[in-house]
Amino acid sequence: MSMIGEYARVTPAELDRALSDPEWALKLVQGRMEAEAAGCPEPAAARCLDIDKAWAAVGFLLRRAAFPVDIVHGEQDIPDADDWGYGPPRYLTPAQVRTAAEALAEIPAERLTDGVGPADLAAAQIYPTIVWERGEPLDYVCEHYEQLRPFFRAAADEGDAVLLWLG
């Protein structure tokens with residue numbers, strides 16, 4: 001089974017409830033994911049987004065760029081949350097989402113990957129390592145990273161928080 005980077009936008013009120021009732025949050029997110037699955041909304045209109053297996057490479061590249069917010073693993077734990085796949089969910093506050101959106105706007109994918117190739121990701125043992133050992137180009141990572149930019153911009157514009165987890 002693959003580890004997939006998952007995101008869900010939630011309002012501040014929904015975040016408050018999620019922090020006190022993580023089981024409710026899981027049901028909310030599952031319902032939104034099911035509702036959006038058929039329509040495949042663009043990232044700016046989506047309430048949920050996944051970046052497939054590109055999450056580890058995106059995280060590696062953002063750490064290399066000294067990105068101000070951890071948009072791959074989140075910044076805070078959701079207390080008492082069960083495992084949503086590969087561990088419990090975490091979250092970013094609306095203020096952290098704004099910071100992330102502003103920083104993402106400054107870093108297009110080609111700048112994020114500048115000077116980094118598959119061999120670098122393989123040497124750093126970035127998941128899925130086998131892909132980088134085969135020398136696959138970073139296009140896959142860039143494509144998924146570029147989806148995060150409008151997703152976070154829309155979340156910031158609406159004042160939303162973001163839940164994150166590996167599913």
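**Helix packing and burial in the predicted model**

Helices α3 and α8 are roughly perpendicular to each other. In this predicted model, α3 spans residues 55-64 and α8 spans residues 139-158, and the two pack at an angle of about 75 degrees. This angle falls in the range of 65 to 115 degrees, and the pair therefore counts as roughly perpendicular. The axes of α3 and α8 lie 10 Å apart. On the α3 side, the contact is formed by Ala57, Val58, Leu61 and Leu62, while α8 contributes Val141, Tyr145 and Leu148. Classified by residue type, the contact of α3 with α8 comprises seven nonpolar residues, with no polar and no charged residues.

Helix α1 (residues 12-20) has Glu14, Leu15 and Ala18 as its buried residues. Viewed down the axis of α1, these buried residues fall within an arc of 100 degrees, so they line one face of the helix. In general, an α-helix has 3.6 residues a turn, so residues three or four places apart point the same way. The buried residues of α1 pack against the strands β1 (5-10), β4 (90-92) and β5 (161-166), and also against α2. Ala13, Asp16 and Ser20, on the other side of α1, are exposed.

Cys40 is located in the loop that connects α2 (22-39) with β2 (48-50). The relative accessible area of Cys40 is 58%, and the residue is classed as exposed because the cut-off for that class is over 50%. Between Cys40 and Trp55 the C-alpha to C-alpha distance is 20 Å, at a sequence separation of 15 residues.

Conventions:
Residues numbered from 1 in each chain as written. Predicted model: local features only at pLDDT ≥ 70, side-chain atom pairs only at ≥ 80, totals over all residues. Heavy atoms only, no water. Helix = DSSP H or I, 4+ residues; strand = E, 2+ residues; numbered from the N terminus. Buried < 20%, exposed > 50% of the residue type's maximum accessible area, 1.4 Å probe, protein only. Axes fitted to C-alpha atoms, helices over the stretch in contact; angles between N-to-C directions. Parallel < 35°, antiparallel > 145°, perpendicular 65-115°, else oblique. Contact = heavy atoms within 4.5 Å. Nonpolar A, V, L, I, M, F, W, Y, C, P; charged D, E, K, R; others polar. Arc of directions from axis to C-beta.
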